[in-house]
Amino acid sequence: MNTQVLPVNDKSIALAAELLQKGELVALPTETVYGIAADARNGEAVKKIFGAKGRPQDNPLIVHIYGMEMLKGIVSEVPDRAYKLAKAFWPGPLTMVMPRGGEVSDVTCAGLDTVGVRMPSHPVVQAVIKASGVAFAAPSANLSGKPSPTNAQDTLVDMDGRLPLILDGGESAVGVESTVVAVTGEHPMLLRPGYVTKEQMEEVLGEEVLVSPAILEKLKDGEVARSPGMKYKHYAPKAQVTILRGDFAKYKAYVEQHAAPGVWALCFDGEGAQLPVPFIEYGKNHDGVTQAHHLFTALRDLDKHGAEIVYARCPEQDGVSMAVYNRLIRAAAFRVVEL
């Protein structure tokens, strides 16, 4: 298959819409990361996503809509909490898990009785949904297990020959995938942290948002992934990543002791020059927003440089930083050293 990368204009949006209507795949930018889209109601089309990514089919996909009226048939009911959160955060990087409607393909939901839905704010996605009339399922546009792409070039590296079209809409603004919250149970439950934080949702809902243990720990054997991104190893470069938890002085001392050919540091802005190994900086210390924006590009750059072992600075675990920690601990396959 020949993969076209096209700039965003009326012609390329019309082509993307036509491909989606015909049951084909399109990779396109969202405000979070680049995604691979297929018609969420068309099981055969959605199967092509799993093929393109090399992704196991027990991982549910998120349905993208434009406008609340598109929820009809996608969900069977919209809980009160969902209306409150939608008013505050849609369009935007928030996915809500709701009772599944009759029109969504079983493949999209990985057989679950719930479905994750979001209304993206990126103008390109909105234009494609409007032009096609298709509510589409879309995971990140990377090969399964690799870091998610935040631009068209990284998408092409993974997807060349695997789908017909990539729309190039520049760099994604957020840099990590959407927040996922289940609004169906007795209490709202955060299933994947992102740019919309637990604290922000609690303020809107006026109640506690519980945190799924699977955000910061491994899923237990046989436990079902209720949201994308809950799997064991995910977002990972080829290098072996280890997170070092402690202040910069202890981090520096550890890296000095373990310096060797192929060893790299993944650190915060302004720290790398003080280290005895090559480094990539991935945002400011204590600033989850800049870390989220740079993390996946940094992990991909480590591969480009041939890094073999990476010692990563540990982000905090609240606000947007929780999203960064969640992605990084999976990239490290849960290897953490307490300094």
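Start with H3 and H7: H3 passes H7 in a right-handed crossing. Right-handed here means that the near helix is turned clockwise from the far one by less than a right angle, and left-handed means anticlockwise. Helices (H or I, at least four residues) and strands (E, at least two) are DSSP runs, numbered from the N terminus. H3 covers residues 80-89 and H7 covers residues 198-205. They pack at an angle of about 115 degrees, with their axes 10 Å apart. Axes are lines fitted to C-alpha atoms, for helices over the stretch in contact, and angles run from 0 to 180 degrees between N-to-C directions.

Who makes the contact? On H3, Arg81, Lys84, Leu85, Ala88 and Phe89; on H7, Gln200, Met201, Val204 and Leu205. Contact means heavy atoms within 4.5 Å. By class, that is 6 nonpolar, 1 polar and 2 charged residues. Ala, Val, Leu, Ile, Met, Phe, Trp, Tyr, Cys and Pro count as nonpolar, Asp, Glu, Lys and Arg as charged, and the others, Gly among them, as polar.

A word on the ground rules. This is a predicted model: local features need pLDDT of at least 70, side-chain atom pairs count only at pLDDT 80 or more, and totals for chains, interfaces and linings use all residues. Residues are numbered from 1 along each chain as its sequence is written, and side-chain values use heavy atoms, with hydrogens and water left out.

Next, the cores. A nonpolar core is a set of buried Ala, Val, Leu, Ile, Met, Phe, Trp, Tyr and Cys residues joined through side-chain atoms within 4.5 Å. Buried means under 20% relative accessible area, exposed over 50%, partly exposed in between (1.4 Å probe, protein chains only). The largest core has 65 residues, and Trp90, Met96 and Phe136 have the most contacts inside it. Its largest share, 5 residues, comes from helix H2, residues 43-53. A second, separate core of 31 residues includes Ile243, Leu299, Val310 and Val324.

Look at Met96. Beyond four places in sequence, its contacts include Leu85, Trp90, Val115 and Val183.

Now Ile74, in the loop between strand E4 (62-64) and H3. Ile74 has 0% relative accessibility, so it counts as buried. Its C-alpha is 4.5 Å from that of Gly101, 27 residues away in sequence. Among the other residues Ile74 touches are Arg41, Val63, Val104 and Ala135.

On to the rings. We count 4 aromatic pairs. Rings of Phe, Tyr and Trp (its six-membered ring) pair if their centres lie within 6.5 Å; planes under 30 degrees apart count as stacked, over 60 as edge-to-face and the rest as tilted. Take Phe268 and Tyr282: centres 5.2 Å apart, planes at 40 degrees, so tilted. The two are 14 residues apart, with Phe268 in the loop between E13 and E14 and Tyr282 in the loop between E14 and H9. Phe268 is buried at 1%, and Tyr282 is buried at 0%.

Last, the backbone. Trp90 and Pro91 are joined by a cis peptide bond, omega about -10 degrees. Pro91 sits in the loop between H3 and strand E5 (94-99). Ala110, not a glycine, has a positive phi of about 55 degrees. Ala110 is in the loop between H4 and E6, and is partly exposed at 25%. Ala333 also has a positive phi, near 50 degrees. Ala333 lies in the loop between H10 and E16, and counts as buried at 9%.
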